[in-house]
Amino acid sequence: MPALDYRRARAPLRLAEVLGLIGYQPRSRQDEQWRGPCPLHGSRSASSRSFAAHLGKNLFHCFRCGAGGNALDLWAALRRLPLYAAVLDLCQRLHQPVPWLDNANPTSSR
Ligand SMILES: [Zn+2]
């Protein structure tokens, strides 16, 4: 399989869009900080606020199960996909170009 540029992949994949894909409803919003039930460990209580997402920083953290990371990490965990498959899946859903690593072999001729 061709290599992916993960660093370039993370930039356009926004946490807000990933949360939108799963129809996430936060219990509270303060500026760009969302708090609510964790979609990863499946908070039992709808009023749970164990999950914190910072849309501006594009980072999330769960104080209960300890999961955390960026939009790509969240999607991979939600879909139980390896990061490689998560990038392809998410790019397709969000209509983003797949960030193939095109300089993996600089000696090859184009
Ligand atoms: Zn959790």
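This is a predicted model: local features need pLDDT of at least 70, side-chain atom pairs count only at pLDDT 80 or more; totals for chains, interfaces and linings use all residues.
The backbone nitrogen of Gly 56 sits 3.2 Å from a polar atom in the side chain of His 54. Setting aside neighbours within four places in sequence, His 54 touches Leu 15, Glu 32, Gln 33 and Leu 59. Pro 12 is 42 residues away from His 54 in sequence, and the gap between their C-alpha atoms is 15 Å.

Stepping back, what is the chain built from? It has four helices and five strands. Read along the sequence, these come in the order α-α-β-β-β-β-β-α-α. The C-alpha trace spans about 55 × 25 × 20 Å along its principal axes. Of the 110 residues in the chain, 35% are buried. The chain exposes about 6,800 Å², with carbon and sulfur atoms supplying 49% of that area. As for contacts between residues at least 6 apart in sequence, 43% of them join residues at least 24 apart.

Next comes the metal site. Which residues hold the zinc ion? Its protein donors are Cys 38 (SG), His 41 (ND1), Cys 62 (SG) and Cys 65 (SG), at 1.9 to 2.3 Å from the ion. Along the chain, these donors follow the spacing C-x2-H-x20-C-x2-C. The angles among the four donor atoms run from 104 to 125°, and the site is tetrahedral. For comparison, the ideal angle for four tetrahedral donors is 109.5 degrees. Cys 62 has a relative accessible area of 1%, so it counts as buried. Cys 65, on the other hand, is partly exposed because its relative accessibility is 38%. The structure holds zero disulfides.

Moving on to the loop between β2 (33–36) and β3, this is where Ser 48 lies. Is Ser 48 buried or exposed? With a relative accessible area of 11%, Ser 48 is buried. Its side chain and that of Ser 50 are joined by a polar contact of 3.1 Å. Leaving out neighbours within four places in sequence, Ser 48 is also in contact with Arg 27, Gly 36, Pro 37 and Ser 43.

Asn 58 has a relative accessibility of 8%, so it is buried.

Now for helix α3. Which of its residues are buried? They are Ala 71, Leu 72, Leu 74, Trp 75 and Ala 76. What do the buried residues of α3 pack against? Their partners are α1 (6–10), α2 (15–21), β3, β4, β5 (68–70) and α4. At the start of α3, a side-chain oxygen of Asn 70 comes to within 3.0 Å of the backbone nitrogen of Leu 72.

After α3 comes Arg 80, with a positive phi near 55°. Arg 80 belongs to the loop between α3 (71–79) and α4 (83–93). Finally, Pro 82 and Leu 40 are 42 residues apart along the chain, and 15 Å separates their C-alpha atoms.

Conventions: Residues are numbered from 1 along each chain as its sequence is written. Side-chain values use heavy atoms; hydrogens and water are left out. Buried means under 20% relative accessible area, exposed over 50%, partly exposed in between (1.4 Å probe, protein chains only). Helices (H or I, at least four residues) and strands (E, at least two) are DSSP runs, numbered from the N terminus. Contact means heavy atoms within 4.5 Å. A polar contact is a pair of N or O atoms within 3.5 Å; within protein, one must be able to donate a hydrogen and the other to accept it, and residues adjacent in sequence count only if both atoms are side-chain atoms. Donors are N, O and S atoms within 2.8 Å of the metal (3.2 Å for Na, K and Ca); water is not among the atoms, so sites may look incomplete. Four donors count as tetrahedral if all angles lie between 85 and 135 degrees; four count as square planar and six as octahedral if opposite donors are over 155 degrees apart and all others between 65 and 115; anything else is irregular. Accessible areas come from the Shrake-Rupley method with a 1.4 Å probe; for residues, only the protein chains shown count as cover. A disulfide is a pair of cysteine sulfur atoms within 2.5 Å.
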